[in-house]
Amino acid sequence: MIEVRNIKKYYGSKIAVDDVSFAVNDGEILGFLGPNGAGKSTTMNILTGYISSNEGTVTIDGFEILKEPIKAKSKIGYLPEIPPLYLDMTVREYLNFMFDLKNIKFPKISHIEEICEKVKIIDVIDRLIKNLSKGYKQRVGLAQALLGNPKLLILDEPTVGLDPKQIIEIRNLIKELKKDHTIILSSHVLPEIQSICDRVLVINKGKIVADDTAENLSNNLQAETNLIAQIQGDKEIVLRTLSNIQQIINIEASEEKSEGVFEYKIKSVSDDVRKHIFRELAKIDCPIIELKTSTVNLEDIFLQLTKDEDELKPNDLNISSNNAESEFDKGGEK
């Protein structure tokens, strides 16, 4: 569906996108991630034909976007972070206007009503856009992206500013759209990417630093075993005891969970360390209240892959986290 080959983009002497190549298959949802200033917005603007690259090619469904821009762009539906809405129009007037602007050949009335049913805005079709909630405005923006049934949807932060109920509704809608569309989804809400996307692509300093499923990225980064333990007893004695276990390479104690019970993050070279932990703590009469394996989530992966080189440490590829619902939510260059 999409083939990006060796694109480069310069702003003066600064290179914003440096020899980026990737492909997106039909019916795939690709999560596109990158920290502020990484070149993500520049790459997305090149994909939509909004700006041109200095080198390389972008092909959409067989049409190169610079050589055949009209044909290539007809395959794209784009929802920017701030939807391009005319607030003094009704939803129907706006979609009629966008339909004509895109020179769509479908029957206008039935096509617009079909789209409105799909994104669940048919009940507000004759209301002024300025009087709609943020969630409905986002749906109207998505409706304009769907006009003409483009094969490719590019969605930039589609759930930003929405309440939890609206976020769930938009996520479910995106999953439904996968049946008929290939989707590129940019978001800073990492659990959103993890729950929706088939594949994750991470860009940093203008280069692709990862391209795989979230599960594979997690498996590749987690070469060690990471445990979370709640242990009752004197914290200093527990730390001293655990540090004498050969398989353990790092221990961090956190806050007191209940009276006399502290939580410990334990990094070890194998799962077998659990037996050693049990035996050694039994000797000093410090019972284990809870013990569980910690997994690497997408936030850990993102932070690791986009860390500055001078910040890297020997064990940086084995970061653990329990917070599967944490969010990395910053503005700026995406």
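View 1. A pocket, on a 1 Å grid over the protein atoms alone, is an open set of points where a 1.4 Å probe fits, with protein on both sides within 12 Å along at least five of seven lines, and its lining residues have an atom within 4 Å of a point; grid points are joined across faces, edges and corners, and the volume is the space filled by probe spheres set on the points. Of the 21 lining residues, Lys73, Ser74, Ile76, Gly77 and Lys102 are the closest to the centre of this pocket. The elements that contribute two or more residues to the lining are α1 (40-48), α2 (69-73), β6 (76-79) and α5 (134-146), where helices (H or I, at least four residues) and strands (E, at least two) are DSSP runs numbered from the N terminus. By residue type, the lining divides into 10 nonpolar, eight polar and three charged residues, with Ala, Val, Leu, Ile, Met, Phe, Trp, Tyr, Cys and Pro counted as nonpolar, Asp, Glu, Lys and Arg as charged, and the others, Gly among them, as polar.

This is a predicted model, in which local features need pLDDT of at least 70 and side-chain atom pairs count only at pLDDT 80 or more, while totals for chains, interfaces and linings use all residues. Residues are numbered from 1 along each chain as its sequence is written, and side-chain values use heavy atoms, with hydrogens and water left out.

**View 2. Helix α1 is mostly covered, with eight of its nine residues buried.** Buried means under 20% relative accessible area, exposed means over 50%, and partly exposed lies in between (1.4 Å probe, protein chains only). The buried residues of α1 are Lys40, Ser41, Thr42, Thr43, Met44, Ile46, Leu47 and Thr48, and just after the helix Gly49 takes a positive phi of about 80 degrees.

**View 3. Strand β3 (residues 29-33) is largely enclosed by the rest of the structure, because five of its five residues are buried.** Ile29, Gly31 and Leu33 point one way from β3, whereas Leu30 and Phe32 point the other way. In a regular strand the side chains alternate between the two faces of the sheet. β3 pairs in the parallel sense with strand β8 (residues 182-186) over four bridges, two strands being paired if DSSP finds at least two bridges between them, and the partner of Leu30 in β8 is Ile184. β3 also pairs in the parallel sense with strand β9 (residues 199-204), again over four bridges, and here Phe32 stands opposite Leu201.

**View 4. Strands β9 and β10 (residues 207-212) pair in the antiparallel sense over five bridges.** The bridge partner of Leu201 in β10 is Asp211. Two residues lie between the strands of this hairpin, in which Lys205 takes a positive phi near 55 degrees.

**View 5. An open sheet of four strands runs in the order β2-β1-β4-β5, with antiparallel pairing.** Its edge strands, each of which pairs on one side only, are β2 (14-24) and β5 (63-64). Strand β4 (residues 55-60) pairs with β5 over two bridges, and Ile60 stands opposite Phe63.

**View 6. The largest nonpolar core has 44 residues.** Such a core is a set of buried Ala, Val, Leu, Ile, Met, Phe, Trp, Tyr and Cys residues joined through side-chain atoms within 4.5 Å. Val91, Leu95, Ile121, Val140, Leu142, Leu155 and Ile174 have the most contacts inside the core. Not counting residues up to four places away in sequence, Val91 touches Ile121, Val124, Ile125, Arg127, Ile129, Leu132 and Val140, a contact being heavy atoms within 4.5 Å. A second, separate core of 25 residues includes Ala16, Phe22, Val58 and Ile203.

View 7. Most residues other than glycine have a negative phi.
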